[in-house]
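Here is a short briefing on a protein structure. Look at the sequence and the model before reading the points below.

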Amino acid sequence: MSTTSRTLSSTPSTALHSAFSCAWCGRTASAVADDGTQRHHCPSCLQSPHVPDPADGGSGDCRGRMSPIAVAVPRTGDWMVIHRCARCDGLTSSPTRADDNQLVLMRLAVRPLAQPPFPLEAFGDL
Amino acid sequence: MPRRAKNTRRRARGARRPQRYKDVLHSQGGHRGHAFRCAGCRLEVSVDAPGTTHRNHCPTCLVSLHVDRRVPGDRAADCRARMEALCMSVRPDGEWMIIHRCVSCGELSANRIAGDDNPLALVRLALKPLRDPGIAQRTRLAP
């Protein structure tokens, strides 16, 4: 394994300022965003490898692909991305960064309204 | 070794693997409760729901309880705290899923919506990310 294939979560804390390359879209990004906070996912495709916390009963080496499935808004008002592991179905949440791909984020946010399970016209009368 | 690498690539490139099989534990012999009282609005809810065999949330306020771990109805979690609906997610086949978050331990879980869930509560949840104009303004999609 060369150092260029190292992903974010395998980066030791001593090398926080190094770059990582996304294992799925291949983009190279810095491990720390512009505002000094650590990244949890690729800013371009928003995917990340699954590293379960051993304290939560995880084995710590799933390494499955975490795909973004939803956007959540906690009380603070910032957006959070909910990821789901394609291998073990684990769910995690991670905060968005300013340079995350806004098109992918917006697609996630409006996706429920594209195929509603009931007609939304009835809400116009409320 | 080459064969193994080929298999993993096929799994990664191909369609998503099917959903894992889950026994329906809510019926006979799984656990004793056939109805539950909602932890949020105290409504008495029957586990028989149209459209789903794994109802875990109140149809009125969408609040759930953190009692199960991976399999619905296994009662393996000892947290027992309230789980509030966090956001709405969509499966590739168009099914809406509610993501719940435990208010005590922060655990996340996903559950399909049921046929008698309150549509107004569901749409309010789905529209939550789009309510704040500041974030929508920040997303400059047009070049």
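Accessible areas come from the Shrake-Rupley method with a 1.4 Å probe. For chain A this surface amounts to about 6800 Å², and carbon and sulfur atoms account for 52% of it. The model is a predicted one.

**Chain A as a whole**

- Chain A contains one helix and six strands.
- In sequence order, the elements of chain A run β-β-β-β-β-β-α.
- Chain A has 126 residues, and 43% of them count as buried.
- Of the contacts in chain A between residues at least 6 apart in sequence, 32% connect residues at least 24 apart.

**Residue A:I82**

- A:I82 is part of strand β5 of chain A, which covers residues 80-85.
- A:I82 counts as buried because its relative accessibility is 0%, and buried means under 20%.
- A:T92 is 10 residues away from A:I82 along the chain, yet the C-alpha atoms of these two residues are separated by 5.8 Å.
- Leaving out residues up to four places away in sequence, A:I82 touches residues of chain A, including A:P68, A:I69, A:L91 and A:T92.
- A:I82 also touches B:L86, B:C87, B:I99 and B:L108.

**Cysteines**

- A disulfide is a covalent bond between the sulfur atoms of two cysteines.
- Over all chains, the count of disulfides is zero.
- A:C85 is in no disulfide: the nearest cysteine sulfur belongs to A:C88 and is 3.6 Å away, whereas a disulfide needs the sulfur atoms within 2.5 Å.
- A:C85 has 0% relative accessibility, so A:C85 counts as buried.
- B:C87, one of the residues that A:I82 touches, is buried too, with a relative accessibility of 2%.

**Aromatic rings**

- A pair of aromatic rings is described by the distance of the centres and the angle of the planes.
- Over all chains, the structure holds two aromatic pairs.
- One of them joins A:F118 and A:F123: the ring centres are 6.3 Å apart and the planes stand at 50°, so this pair is tilted.
- A:F118 and B:W96 also pair, with ring centres 5.8 Å apart and planes at 65°, so this pair is edge-to-face; an angle over 60 degrees counts as edge-to-face.
- This pair crosses between chains: A:F118 is in the segment after α1 (102-114) of chain A, and B:W96 is in strand β5 (residues 96-102) of chain B.
- A:F118 and B:W96 are both buried, while A:F123 is partly exposed, with a relative accessible area of 21%.
- Through ring pairs, A:F118, A:F123 and B:W96 form a cluster.

How values were computed
Residues numbered from 1 in each chain as written. Chains lettered and ligands numbered in written order. Predicted model: local features only at pLDDT ≥ 70, side-chain atom pairs only at ≥ 80, totals over all residues. Heavy atoms only, no water. Helix = DSSP H or I, 4+ residues; strand = E, 2+ residues; numbered from the N terminus. Buried < 20%, exposed > 50% of the residue type's maximum accessible area, 1.4 Å probe, protein only. Contact = heavy atoms within 4.5 Å. Phe/Tyr/Trp six-rings, centres within 6.5 Å; stacked < 30°, edge-to-face > 60°.
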